[in-house]
Amino acid sequence: MKNIVRFLLFWGVNTLSLWIADELFDGIAFANTETLVLSGLVLGIVNSFLKPILVILTLPITVLTLGLFLLVINGLTLFLVAKLVDGFQLAGFGTAIGIALAVSIISFFLNALLGLQE
């Protein structure tokens with residue numbers, strides 16, 4: 001039961017982070033609330049399964065850029081979610097990188113407030 005609550009909290013944090021980014025930036029848009037909630041779920045799934053693989057595969061370039069390439073990976077995962085979820089739009093890949101940075105920062109603070117940091 002504890003794992004289900006933790007999953008729901010992470011899903012809520014992802015969704016809230018995307019909503020805040022939508023309110024702050026013009027380059028991101030959701031067709032409706034259902035799209036926002038689904039995007040939060042898909043983002044969590046992509047971050048859990050695909051992102052670790054991308055981080056490992058791009059480790060050499062990440063080391064060479066002193067970790068800055070992780071911003072590109074975050075942007076790529078957010079851009080992928082926008083392509084997978086109908087009604088979720090991003091202005092472009094550059095916008096995805098900037099918004100992914102904002103979503104990461106917002107999620108970090110929300111997770112810290114809820115005590116979800118690992």
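Mentor: Terms first: helices (H or I, at least four residues) and strands (E, at least two) are DSSP runs, numbered from the N terminus. This is a predicted model: local features need pLDDT of at least 70, side-chain atom pairs count only at pLDDT 80 or more, and totals for chains, interfaces and linings use all residues. Residues are numbered from 1 along each chain as its sequence is written, and side-chain values use heavy atoms, with hydrogens and water left out.

Trainee: Okay. Where is L66 found?

Mentor: L66 sits in the loop between α3 (59-64) and α4 (69-84). L66 has a positive phi of about 55°, although it is not a glycine.

Trainee: How about L80?

Mentor: L80 is in helix α4. Its relative accessible area is 31%, so L80 is partly exposed. L80 and A96 are 16 residues apart in sequence and 9.6 Å apart in space, C-alpha to C-alpha.

Trainee: New topic. Which residues make the nonpolar surface patch?

Mentor: M1, I4, V5, F7, L8, L9, L113 and L114, making about 850 Å². Like charges are joined within 9 Å, nonpolar side chains (Val, Leu, Ile, Met, Phe, Trp, Tyr) within 5 Å. Accessible areas come from the Shrake-Rupley method with a 1.4 Å probe; for residues, only the protein chains shown count as cover.

Trainee: Which element gives the largest share?

Mentor: α1, with five residues. L8 is in helix α1, and L8 counts as partly exposed because its relative accessibility is 46%.

Trainee: How do α1 and α5 cross?

Mentor: At roughly 135°, with axes coming within 9 Å. Therefore α1 is oblique to α5. Axes are lines fitted to C-alpha atoms, for helices over the stretch in contact, and angles run from 0 to 180 degrees between N-to-C directions. Angles under 35 degrees count as roughly parallel, over 145 as roughly antiparallel, 65 to 115 as roughly perpendicular and the rest as oblique.

Trainee: And at what angle do α1 and α2 pack?

Mentor: About 120°, with the axes of α1 and helix α2 (residues 33-57) 8 Å apart. So α1 is oblique to α2.

Definitions and conventions: Patch = residues over 30% accessible without salt bridge, like charges linked within 9 Å, V, L, I, M, F, W, Y side chains within 5 Å. Salt bridge = Lys/Arg side-chain N within 4 Å of Asp/Glu carboxyl O. Buried < 20%, exposed > 50% of the residue type's maximum accessible area, 1.4 Å probe, protein only.
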